[in-house]
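Reader: I would like to go through this model with you, beginning with a site taken from a record and then turning to cavities and backbone geometry. Please give the cut-offs behind each term as you go.

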Amino acid sequence: MSSKQFPIDHDIVLPALKALVRNNPNLNLNVHEKVVYLKPSGKKVTLLSGGGSGHEPTHAGFVGDGLLDAAVSGSVFASPSTKQIQAGLKAIKNPHGTLVIVKNYTGDVIHFGLAAERVRASSDGAAGGVEVVVVDDDVSVGRAKGGKVGRRGLAGTVLVHKASGAAAAQGKDLSAVAKVAQAIADNTVTIAASLDHCNVPGRPFETNLTENEIEIGMGIHNEPGVKKVSPIPTVPDLVKSLLPYLISKKDKDRAFVDFGASDEVVLLINNLGGLSNLELSYITDVALEQLEQEHGFKIVRVITGTFTTAMNGAGFSITLLNASLASKAANADVVELIDAPVNAPAWTPAQLTSEAKVLASSGKLNATPPEEQVPAKSANSGIKVDLEQFKLLLKNGLEEVKKQEPKITHYDTLAGDGDCGETLVAGANGVEQFFAKAKVSPDAVDLFIDLAEIVEDSMGGTSGGLYSIFLNALAHSIKKHSGKASSLDVALFADTLPVALQSLYKYTRARPGDRTLIDALAPFVETLSKTKDFKAAVESADKGAESTRNLEANFGRASYVAKEEFEKEGGIPDPGAIGLAAILKGILAKY
């Protein structure tokens with residue numbers, strides 16, 4: 001996680017709110033008081049929430065039909081003033097009343113509570129009344145530590161927004177809407193974990209965590225958590241350590257919500273701001289697997305996304321809502337309320353069809369079964385390979401590229417996306433597993449077709465595709481010699497390689513001199529084709545790979561890297577070319 005930030009010497013909250021409303025013209029903005037709101041229809045209870053900024057999209061991103069009617073924004077990590085909140089209440093005043101939803105932080109509770117009391121006491125008052133619900137779903141702060149202050153409000157607040165917003169949209173009165181909100185708040189628990197503290201615009205970055213340390217229970221304002229953990233655990237291990245905070249009945253200090261075996265549960269995985277969507281989805285799958293398979297939970301809805309952040313916090317939170325208990329307390333189906341349609345910028349879950357709702361409640365994955373694998377017919381080319389010798393040579397080549405992986409990765413980190421070494425190792429592992437488990441055909445055509453498929457499946461990406469095309473083309477080239485040769489020797493191998501290279505050229509414009517693996521492959525093919533000397537061909541490949549130190553990239557991600565970056569290192573060779581040369585040199589060592 002980077003601690004760098006753009007220089008900011010002024011408040012960015014108002015500009016951000018302006019941008020939100022420009023992006024969503026159905027919203028309105030009170031510029032002076034920083035209130036985003038919908039014009040009230042006068043036909044339903046309205047909902048207001050808010051707090052300090054820095055938690056976007058909470059809260060302004062959830063203003064929309066079926067969710068909040070207004071959100072009030074304070075400065076970063078600072079509660080809005082009572083005056084701001086009163087302006088928000090005035091903007092959505094209606095004859096049916098207003099529900100105020102507040103995260104449990106002292107400043108927020110005081111200011112939102114005071115604003116509600118002032119509206120109640122004013123001469124015109126709030127025609128339909130004002131109710132306040134405080135959300136305190138954080139379980140890292142136990143009963144003893146929370147004391148009179150209580151627990152903090154975290155991502156579970158979003159579920160309170162969603163369910164109570166849907167209840168209001170259905171026309172329920174203020175008492176019923178507040179009952180739904182309180183039921184969700186009372187039956188929701190959240191725990192967070194983060195790799196580091198977040199950056200606050202305009203302030204120096206500060207942290208008390210080391211490079212190999214994470215914090216469990218960190219708050220959304222950089223508040224300390226319940227414990228630090230080192231070394232940094234894997235995601236499965238981390239999730240395994242977090243779940244007891246949420247569900248353990250033995251921890252009397254934190255057993256805030258009871259989860260029974262038959263209870264329906266909603267799972268919310270929230271991004272604290274700094275994780276990629278890919279990482280967040282992985283965390284979701286891990287949490288689902290452990291909850292369902294290890295703890296027997298009945299997860300009826302899964303919600304994953306960026307909802308309540310701590311600026312760019314490099315972490316996530318897990319929220320569990322006991323929908324069964326909440327539905328009973330609310331006298332309403334809270335899952336149905338969560339499913340209800342909305343039109344708010346930040347509510348990302350898709351609208352579910354009736355069929356999808358049934359599937360989601362069943363806990364089953366809507367997955368297509370794998371296609372039946374039909375064994376490919378043997379080419380019966382009549383051209384055999386000495387399998388033991390072939391395996392020995394290729395395995396040595398693969399071991400060599402594994403040894404060179406750190407160097408290859410270093411080069412690719414400087415000149416590309418840093419995955420070339422790992423990709424080559426993945427391909428090597430795939431081939432080795434194939435040799436160890438599969439019944440390998442001694443037919444040369446079958447062998448290279450199989451290798452092409454293994455390489456494509458295990459490597460993926462551009463390099464996997466290039467290797468697979470070349471190997472398939474090589475198999476086709478060898479097949480043309482069926483009936484003319486009985487074994488694959490160096491001479492036949494040398495004769496078939498140029499055809500495979502020309503086939504590869506149909507699918508890539510890369511040629512020698514373009515700083516790609518072609519700079520190693522082409523010299524190898526050309527030299528072996530001319531001389532039938534394997535050692536000389538490998539030396540040509542190695543020389544070609546090393547020549548890429550002084551070449552400018554024309555293909556791949558390296559082509560976007562400034563020439564000056566290559567020169568800083570005294571010349572960086574193409575990692576793909578270096579990887580291929582390593583394989584060939586490993587083969588040569590046992591040749």
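Reader: In which loop does histidine 221 lie?

Author: This is a predicted model, in which local features need pLDDT of at least 70 and side-chain atom pairs count only at pLDDT 80 or more, while totals for chains, interfaces and linings use all residues. Residues are numbered from 1 along each chain as its sequence is written, and side-chain values use heavy atoms, with hydrogens and water left out. Helices (H or I, at least four residues) and strands (E, at least two) are DSSP runs numbered from the N terminus. Histidine 221 lies in the loop between strand E8 (214-216) and strand E9 (227-229).

Reader: Which feature does UniProt place at His221?

Author: UniProt positions are given in the numbering used here, with feature names shortened, and annotations may be inferred rather than shown by experiment. With that caution, the unreviewed UniProt entry places at His221 the feature "active site".

Reader: Why does histidine 221 count as partly exposed?

Author: Buried means under 20% relative accessible area and exposed over 50%, with partly exposed in between (1.4 Å probe, protein chains only). Histidine 221 counts as partly exposed because its relative accessibility is 21%.

Reader: With which side chain does the side chain of histidine 221 make a polar contact?

Author: Contact means heavy atoms within 4.5 Å, and, leaving aside neighbours within four places in sequence, histidine 221 is in contact with His55, Phe77 and Tyr105. A polar contact is a pair of N or O atoms within 3.5 Å; within protein, one must be able to donate a hydrogen and the other to accept it, and residues adjacent in sequence count only if both atoms are side-chain atoms. At 3.0 Å, the partner of the histidine 221 side chain in such a contact is the side chain of histidine 55.

Reader: Which strand supplies the largest share of the lining of the largest cavity?

Author: A cavity, on a 1 Å grid over the protein atoms alone, is a set of points where a 1.4 Å probe fits but cannot get out, and lining residues have an atom within 4 Å of a point. The largest cavity is lined by residues including Gly51, Gly52, Ser53, Glu56, Val72 and Ser73. Strand E3 (46-53) and strand E4 (70-76) each supply at least two residues of this lining, and the largest share, three residues, comes from E3.

Reader: What is omega for the cis peptide bond that joins glutamate 56 and proline 57?

Author: Most residues other than glycine have a negative phi, and most peptide bonds are trans. Proline 57 lies in the loop between E3 and E4, and Glu56 is among the residues that line the largest cavity. For the cis bond joining glutamate 56 and proline 57, omega is about 10 degrees.

Reader: Is lysine 34 buried or exposed?

Author: Lysine 34 lies in the loop between E1 and E2, and its phi is near 55 degrees, a positive value in a residue other than glycine. Its relative accessibility is 17%, so lysine 34 counts as buried.

Reader: What is the relative accessible area of lysine 532?

Author: Lysine 532 is found in the loop between helix H18 (518-531) and helix H19 (534-547), and its phi, near 60 degrees, is a positive value in a residue other than glycine. Lysine 532 is partly exposed, with a relative accessible area of 34%.

Note on methods
1 Å grid on protein atoms, 1.4 Å probe; cavity = no way out; pocket = protein on both sides within 12 Å on 5 of 7 lines; lining within 4 Å.
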